[in-house]
Amino acid sequence: MGAGFGFTWPARLPVVRIDQMLLGGVRAASTWSLPATAGDHLPVAARIALLPEPGP
């Protein structure tokens with residue numbers, strides 16, 4: 001989801017998409033990587049959407 005390749009490692013010149021988000025009870029509406037920090041991976045962010053509750 002999201003735009004671009006989503007590569008997150010290594011942060012200096014990302015060429016691999018190895019980071020994941022595990023979600024429960026929600027879905028990722030979009031995802032993207034954030035600017036580099038002191039770590040060796042780029043941070044990943046997501047916009048989440050709540051799933052409808054199951055009916056009776």
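1. Leu13 is exposed, because its relative accessible area is 63% and the term applies to values over 50%. The residue belongs to the segment before S1. Between the C-alpha atoms of Leu13 and Ser30 there are 23 Å in space, and the two residues are 17 apart in sequence. Please bear in mind that the model is predicted.

2. The overall architecture may be stated briefly. The protein chain has 2 strands and 0 helices. Strand S1 covers residues 26-33, and strand S2 covers residues 44-50. Several of the residues discussed below, including Thr8 and Pro10, are in the segment before S1.

3. The dimensions of the protein chain deserve attention. The radius of gyration is 14 Å, whereas a compact globule of 56 residues would have a value near 10 Å. Along the principal axes, the C-alpha atoms occupy a box of roughly 50 × 20 × 15 Å.

4. How much of the protein chain counts as buried? The share is 16% of the 56 residues. The accessible surface amounts to about 4,500 Å², and carbon and sulfur atoms contribute 62% of that area. As for contacts with a sequence separation of 6 or more, 40% are between residues 24 or more positions apart.

5. Which side chain makes a polar contact with the side chain of Thr8? The partner is Asp19, at 2.3 Å. The side chain of Asp19 is also joined to that of His41 by a polar contact, here of 3.0 Å.

6. His41 is placed in the loop between S1 and S2. With a relative accessible area of 27%, His41 is partly exposed. Apart from neighbours within four places in sequence, the residues in contact with His41 are Thr8, Trp9, Ala11, Ile18 and Asp19. Phe7 is 34 residues from His41 in sequence, and their C-alpha atoms are 9.2 Å apart in space.

7. The peptide bond that joins Trp9 and Pro10 is cis, with omega at about -15 degrees. Most peptide bonds are trans, so a reader may wish to look at this one in the display. Trp9 is also among the residues in contact with His41.

8. Pro43 is another residue of the loop between S1 and S2. Is Pro43 buried or partly exposed? It counts as partly exposed, since its relative accessibility is 23%. Residues up to four places away in sequence being left aside, Pro43 touches Trp32, Ser33, Leu34, Pro35 and Thr37. The C-alpha atoms of Pro43 and Asp19 are 8.9 Å apart in space, although the residues are 24 apart in sequence.

9. The surface carries a nonpolar patch of about 310 Å², made by Met21, Leu23, Val44 and Ile48. Leu23 is in the segment before strand S1, and a relative accessible area of 41% makes Leu23 partly exposed. Leu23 can belong to such a patch because patch residues need over 30% relative accessible area.

Definitions and conventions:
Residues numbered from 1 in each chain as written. Predicted model: local features only at pLDDT ≥ 70, side-chain atom pairs only at ≥ 80, totals over all residues. Heavy atoms only, no water. Patch = residues over 30% accessible without salt bridge, like charges linked within 9 Å, V, L, I, M, F, W, Y side chains within 5 Å. Areas by Shrake-Rupley, 256 points an atom, 1.4 Å probe, with all protein chains shown as cover. Salt bridge = Lys/Arg side-chain N within 4 Å of Asp/Glu carboxyl O. Helix = DSSP H or I, 4+ residues; strand = E, 2+ residues; numbered from the N terminus. Buried < 20%, exposed > 50% of the residue type's maximum accessible area, 1.4 Å probe, protein only. Rg over C-alpha atoms; globule rule 2.2 N^0.38 Å. Contact = heavy atoms within 4.5 Å. Polar contact = N/O pair within 3.5 Å; in protein donor to acceptor, adjacent residues only side chain to side chain.
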